[in-house]
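Thanks for making the time this morning. I would like to walk through one structure with you, going from a pair of helices to a sheet, then to the cores, and ending with some backbone details.

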Amino acid sequence: MSARCVMVLGTTSGSGKSWLATALCRWYARQGLKVAPFKAQNMSNNARVVAGGEIGSAQYFQALAARAEPHVRMNPLLLKPEHDTRSQVVLLGQVDDFLSRLPWQERGAQVWPVVARSLDELRDTHDVVVIEGAGSPAEINLMASDIVNLRVAQHARARCLLVTDIDRGGAFAHLYGTWALLEEHQRKLIRGFVLNRFRGDAALLEPGPRMLQDLTGIPTVATLPMWWRHGLPEEDGVFDERTLTPGAVRKTVAVVAYPRISNLDEFQPLKNIPGVRLVWARSPADVAQADWIILPGSKHTTGDLAWLRAQGLDRAIARHAQQGRAVLGVCGGLQMLGEALIDTQRIDGNGPGLGLLPLVTVFEPDKTVRRTQARFGKIDGEWAALSGVDVQGYEIHQGRTSQHAGMAAARAVLPQGLGWQNDGGNVLGLYLHGLFEDPLALRALFGVAAPTLESVFDGLADFIERHFEPGVLPDLIGGAPE
């Protein structure tokens, strides 16, 4: 095979590239084609375990939408920010310490052969590859070292869509400005403009799209209405306005949103459960009325723990736990719940924990990255509904957590050091990601099931089928590559 390549570029970060690429993966897969996603370089602390290691969550979900087995080739380079000026570099699924220390301007020459080979291997074994760009392709200060946007598009001879978020304002200027900053041969790659998140009657946009086509020669091929609850996890960021549940609120879940939060996409199902209100907590006031407090994963546990203390959230969490209300720590959140964090390898940092579980975490150079299946043992108190439930998830962490030798033992609730509970039964710590994505766990905890990912993917494909101009989607993969 030599796959036809469709690429989604954006005028800005957050314009809608990831979800549109996911929708395209499912739409082409429903045509009976063998489809794979691809993104050369992703910067995100949301990652999933796949064949070969870890990739960005967006490409993981795109692979599922494409009905393909997720693989590290689909996102060969993943940057996981640890500080404002430093990221952990994951190449083909594995941490690369050399690249992590290398100045970012110098990484392109090192990794481009891996990027190109990964893309070519996907093209050789699929009918269609749906490629996602990053940020904007028109960042003129980055074009010389580009390995994720136009260089990929030219290498794959991709037919590109350029999407913009019209809800932000300035959509036509964003589209025209992006086009104007490209070289003539690069402009020819763009086959259509997409207006995303439009509110109102699309007819009111005229004569804007016609005027833009007169200026650029490129048609606007879709105007996509605003759609808050499509059900696909957000790739990055926390969006408070989307977390209100329809109907009466029966349970409020507060997820602490520290600066280096990771794998926040695993909480997406909570947004879709009737009666559950999800709050992203940044202050004690945000957790005051919560039924559950969740400490999620972190890419810098000691740094986020210091931030949590600076906000006064440590005291608020302690009060919540003392009142017998539910606390859950996941991965880095589990490490925070313990007595101490010990780092002799200069990986994350030393510091005291919150002291809600009698555990100690020692940071180690080796990173645990694996899919996991386990069964909960007997659990008491607030989390008793999970007793005996079989769960599937994944682990991504540096650090080994064990019982504090000088304290009464915590109760192990999962095998192999995956989970513990306090004596009171209200504080639970897990290394297992994905609890709220597991249908059995959701039913045990809430008595309901969230919409399946399959229904979400089909909904995305139906949506673009309704709103793209007729014939555009098949035309993007029709004819010989140019």
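Before the helix pair, one definition: a helix axis here is a line fitted to the C-alpha atoms over the stretch in contact, and the angle between two axes runs from 0 to 180 degrees between their N-to-C directions. Please also keep in mind throughout that this is a predicted model.

Let me begin with helix H11, residues 301–310, and helix H12, residues 313–322, whose axes come within 5 Å and cross at roughly 80°. Angles of 65 to 115 degrees count as roughly perpendicular, and H11 and H12 are therefore roughly perpendicular to each other. On the H11 side the contact is made by Trp307, Leu308 and Arg309, and on the H12 side by Leu313, Asp314 and Ile317. Sorted by class, that contact of H11 with H12 has 4 nonpolar residues, 2 charged ones and no polar ones. As for burial within H11, the buried residues are Thr301, Thr302, Asp304, Leu305, Trp307 and Leu308. Just after H11, Gly312 takes a positive phi of about 80°.

Now to the sheet. It is an open one of 7 strands with mixed pairing, and the order is E15-E13-E16-E18-E27-E26-E25. Its edges are strand E15, 276–281, and strand E25, 411–414, each of which pairs on one side only. On average, and ignoring direction, neighbouring strands of this sheet are turned by 20° against each other.

I would like to stay with strand E27 for a moment. How do strand E18 and E27 run relative to each other, parallel or antiparallel? They run parallel, with 4 bridges joining E18, residues 326–330, to E27, and Gly329 has Gly429 as its bridge partner in E27. Strand E26, residues 419–421, pairs with E27, residues 427–430, in the antiparallel sense over 3 bridges. Here Gln421 has Leu428 as its partner in E27, while Gly419 is bridged to Leu430. The hairpin of E26 and E27 has 5 residues between the strands, and in this hairpin Gly425 takes a positive phi near 85°. Along E27, Val427 and Gly429 point one way and Leu428 and Leu430 the other way, and all of them are buried.

The largest has 87 residues, of which Leu24, Tyr28 and Phe468 touch the most other members. Helix H1, residues 17–29, gives the most to this core, with 9 residues. Leaving aside residues up to four places away in sequence, Phe468 touches Leu20, Leu161, Val194, Val221, Ala222, Leu224 and Leu473. Apart from that core lies another, of 67 residues, among them Leu264, Leu295, Leu356 and Val427.

Finally, some backbone details, for which the background is that most residues other than glycine have a negative phi, and most peptide bonds are trans. A cis peptide bond joins Glu206 and Pro207, with omega about 5°, and Pro207 is found in the loop between strand E11, 190–198, and helix H8, 208–216. Arg67, which is not a glycine, has a positive phi of about 60°, and lies in the loop between helix H2, 57–65, and strand E6, 77–83. Leu92, also a residue other than glycine, has a positive phi near 45°, and sits in the loop between strand E7, 86–91, and strand E8, 94–95. Because its relative accessibility is 28%, Leu92 counts as partly exposed.

Notes: Residues numbered from 1 in each chain as written. Predicted model: local features only at pLDDT ≥ 70, side-chain atom pairs only at ≥ 80, totals over all residues. Heavy atoms only, no water. Helix = DSSP H or I, 4+ residues; strand = E, 2+ residues; numbered from the N terminus. Parallel < 35°, antiparallel > 145°, perpendicular 65-115°, else oblique. Contact = heavy atoms within 4.5 Å. Nonpolar A, V, L, I, M, F, W, Y, C, P; charged D, E, K, R; others polar. Pairing = 2+ DSSP bridges. Core = buried A, V, L, I, M, F, W, Y, C linked by side-chain atoms within 4.5 Å. Buried < 20%, exposed > 50% of the residue type's maximum accessible area, 1.4 Å probe, protein only.
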